[in-house]
Amino acid sequence: MTHVPVLPAEVLELLAPRAGEVYVDCTAGLGGHAAAVAPLVGPTGAIILNDVDPANLSRAVQNVQAAAPHTRIETHTGNFADLPRKLSEQAGGGGPRADMVLADLGFASTQVDDPKRGFSFSRDGPLDMRMDPSLPVTAAELVATLPERELAEVLRMYGEERHAGRIARILVREREHSPITTTGRLADVVRSAVPRRSDPSSIDPATRTFQALRIVVNDEIGSLEALLAEVGRGARAAAAGKPTWLNPGARVLVISFHSLEDRPVKQALAELASQGLVELLTDGPLGPTEEEAARNPRSRSSRLRACRIVGVRGQREKSRAGQV
Ligand SMILES: C[S@@+](CC[C@H](N)C(=O)[O-])C[C@H]1O[C@@H](n2cnc3c(N)ncnc32)[C@H](O)[C@@H]1O
């Protein structure tokens, strides 16, 4: 399946790219969003692409180059939690500052569609799940080593799995017979613990366990919280007129795919808005139109939230008006 960027029209409308601006894509993926932005910032603008997955980063570069051959591209391989620090250091030395930031969370089609990456229970493969291939711990190692109680906690917390205790018990029993090292075997063990509901539209019983392990292997919530903290630091620095990775007026967008991700985004943006550091650009989460949901199933659970960095002038105006 080819990767189709989610909420493309909504993202472009909220980013509102202008010629000469700098776009920072925290999760470049296949460069779908970036390729749409690049022609609009033009040769005087810049596209900064970041991904933990080096193979995806190369694909993103190719796609952006094809869409806008004369636009300047800068790449960073790594967790987006570390990107603002790198950009702030560059900004201190006169490097580019972001006018637009996008984090489109989760995995890309290249990752889930490749059985060797171990994300999918529909096709058998090694139980890996690392988006960053240099991470030290795979899902197989977690399943092999976590004590039953911790395994249950992970499934409950990150999979919102009602049957966490039962699944953990059976996983521990089964791993004693033989190690669980493939996605197929993990899915079978979970299905044996939680039989599929008779309702044909119900999700596969293995879905929540896979989600939970993927979140832990990639420290997805920790990374997101670190990025949100950096947006806060950047917004405060911009309000104080200090050099930072975010330009005043920068639009910051986050697309999440489940409530564990959406909640911290909602809270962080609301907190910054209450301090007068950002203006909210979305009242609530934006989702796909019916047409997009039908055309691109991955978009169905997407939720987009956005804000604009106020910066020093806006901050003073708000203070004078007694709003902060
Ligand atoms: C949904 S895809 C992005 C798709 C992209 N917006 C496009 O239009 O092609 C998510 C990408 O984010 C990357 N990713 C996930 N978590 C990350 C993190 N913490 N830091 C950097 N990249 C991450 C994944 O490797 C994947 O390539």
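Predicted model: local features only at pLDDT ≥ 70, side-chain atom pairs only at ≥ 80, totals over all residues.
The protein chain falls into two parts, domain 1 and domain 2. Domain 1 is built from two stretches of the chain, 8-109 and 220-320, while domain 2 covers 136-217. Between the C-alpha centres of domain 1 and domain 2 there is a distance of 33 Å.

The next stop is the ligand. Its surroundings comprise 21 residues, and the closest of these are Pro5, Thr27, Gly29, Gly32 and Asp104. Two elements, helix H2 (32-41) and strand E2 (46-51), each contribute at least two residues to this shell. Sorted by class, the shell around the ligand holds 11 polar residues, seven nonpolar ones and three charged ones.

Attention now turns to how helices pack, starting with H11 and H12. Helix H11 spans residues 220-239 and helix H12 spans residues 259-274; their axes come within 10 Å and cross at roughly 15°. Because angles under 35 degrees count as roughly parallel, H11 is described as roughly parallel to H12. The crossing in which H11 passes H12 is right-handed. On the H11 side, the contact is made by Ile221, Leu224, Glu225, Leu228, Val231, Gly232 and Ala235. H12 answers with Leu260, Glu261, Pro264, Val265, Ala268 and Leu272. The residues of this contact of H11 with H12 comprise 10 nonpolar, one polar and two charged.

A second pair brings together helix H7 (residues 148-159) and helix H8 (residues 164-177). The axes of H7 and H8 lie 8 Å apart, and the two helices pack at an angle of about 135°. That angle makes H7 oblique to H8. Here, too, the handedness can be given: H7 and H8 form a right-handed crossing. From H7, the residues taking part are Glu148, Leu151, Ala152, Leu155 and Arg156. In H8 they meet Ala164, Gly165, Ile167, Ala168, Arg169, Leu171 and Val172. Eight nonpolar, one polar and three charged residues make up the contact of H7 with H8.

H7 also has a contact with helix H10, which runs over residues 207-217. The axes of H7 and H10 come within 8 Å and cross at roughly 95°, so H7 and H10 are roughly perpendicular to each other. Val154, Leu155, Tyr158 and Gly159 represent H7 in this contact. Their partners in H10 are Arg208, Thr209, Gln211, Ala212, Ile215 and Val216. By class, the contact of H7 with H10 has six nonpolar residues, three polar and one charged.

Notes
Residues numbered from 1 in each chain as written. Axes fitted to C-alpha atoms, helices over the stretch in contact; angles between N-to-C directions. Helix = DSSP H or I, 4+ residues; strand = E, 2+ residues; numbered from the N terminus. Parallel < 35°, antiparallel > 145°, perpendicular 65-115°, else oblique. Left-handed = near helix turned anticlockwise from the far one by under 90°. Contact = placed C-beta atoms within 7 Å. Nonpolar A, V, L, I, M, F, W, Y, C, P; charged D, E, K, R; others polar. Near = placed C-beta within 6 Å. Domains from an automatic or database assignment.
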